Amino acid sequence: MTKPALHALCQSFIEQRIGAARTAMQAAQESSSSETKSSAGDKYETGREMANAERDRNAAHMQQAQQLQAELARISPDAPCDTVRPGALVSTSLGRFYISISAGKLDGTDVFAVSVAAPVAVALKGLRAGEQAEFNGKAVRVLAVE
């Protein structure tokens with residue numbers, strides 16, 4: 001799989017997260033707006049506050065997804081890489097990693113999208129094909145960097 005295709009999968013991952021957060025925020029807003037005052041008094045305020053808290057939680061999720069989107073936008077998937085750095089597709093003795101954002105295993109691939117802050121990316125940073133590093137007490141060999 002090519003780096004541009006992996007980049008597109010990461011973008012799709014982010015768009016799904018933004019969409020889910022937006023939908024959940026709208027549902028919480030509608031729930032808050034539809035609460036009606038009842039004879040229970042406090043029940044109305046509690047329900048409204050719970051809906052507002054849910055909306056705020058989902059707003060934070062959306063902000064995180066937007067930050068991921070900004071991180072991904074700084075990476076050029078077409079740029080060649082000969083060392084492990086953001087935008088590199090790295091084949092190792094542990095598996096394949098696209099150094100970009102933290103998205104986990106990308107759908108339909110054997111590639112894991114990891115952020116530059118991920119422990120495996122930190123351990124491999126700056127290495128070239130043929131070099132190795134230690135990760136979780138094991139030697140990890142870099143087989144290829146694209």
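1. Start with Ser 91. Ser 91 sits in strand 1, which covers residues 89-92. The model is a predicted one. Ser 91 counts as buried, at 15% relative accessibility. Setting aside residues up to four places away in sequence, Ser 91 touches Arg 96 as well as Arg 141, Val 142, Leu 143 and Ala 144. Strand 6 runs over 138-145.

2. Next, Val 84. Val 84 is in the loop that links helix 2 (42-73) to strand 1. Is Val 84 buried or exposed? Val 84 counts as buried, because its relative accessibility is 3% and the cut-off for buried is under 20%. Beyond its neighbours within four places in sequence, Val 84 is in contact with Val 90, Ile 99 and Val 145, and also with Leu 124, Lys 125, Gly 126 and Leu 127. Val 84 and Glu 134 are 50 residues apart in sequence, and their C-alpha atoms are 14 Å apart in space.

3. Arg 85 belongs to the loop between helix 2 and strand 1. Arg 85 counts as partly exposed, with 33% relative accessibility. Not counting residues up to four places away in sequence, Arg 85 touches Ala 79, Pro 80 and Ile 99. Ile 99 is also among the contacts of Val 84.

4. On the cysteines: how many disulfides does the structure hold? The structure holds zero. Cys 10 is in no disulfide, and the nearest cysteine sulfur, that of Cys 81, is 14 Å away. The cut-off for a disulfide is sulfur atoms within 2.5 Å. Both residues are buried. Cys 10 has a relative accessible area of 0%, and Cys 81 has one of 8%.

5. Check the backbone at Asn 136. Phi of Asn 136 is near 55 degrees, a positive value in a residue that is not glycine. Where does Asn 136 lie? Asn 136 is in the loop between strand 5 (132-135) and strand 6 (138-145). Asn 136 is exposed, with a relative accessible area of 67%.

6. Now the overall fold. The protein has three helices and six strands. Along the sequence, the order is α-α-β-β-β-β-α-β-β. The radius of gyration is 21 Å, well over the 15 Å that the globule rule gives for 146 residues, so the protein is more spread out than a compact globule. The C-alpha trace spans about 75 × 35 × 25 Å along its principal axes.

7. Packing and surface. Of the 146 residues, 36% count as buried. Take the contacts between residues at least 6 apart in sequence: 53% of them join residues at least 24 apart. The protein exposes about 8400 Å², and carbon and sulfur atoms supply 51% of that area.

8. Charge. The protein has 16 positive and 16 negative charges.

How values were computed: Residues are numbered from 1 along each chain as its sequence is written. This is a predicted model: local features need pLDDT of at least 70, side-chain atom pairs count only at pLDDT 80 or more; totals for chains, interfaces and linings use all residues. Side-chain values use heavy atoms; hydrogens and water are left out. Buried means under 20% relative accessible area, exposed over 50%, partly exposed in between (1.4 Å probe, protein chains only). Helices (H or I, at least four residues) and strands (E, at least two) are DSSP runs, numbered from the N terminus. The radius of gyration is taken over C-alpha atoms; the globule rule is 2.2 Å times the number of residues to the power 0.38. Contact means heavy atoms within 4.5 Å. Accessible areas come from the Shrake-Rupley method with a 1.4 Å probe; for residues, only the protein chains shown count as cover. Lys and Arg count as positive and Asp and Glu as negative; His and the chain ends are not counted. The place of a charge is taken as NZ of Lys, CZ of Arg, CG of Asp or CD of Glu.
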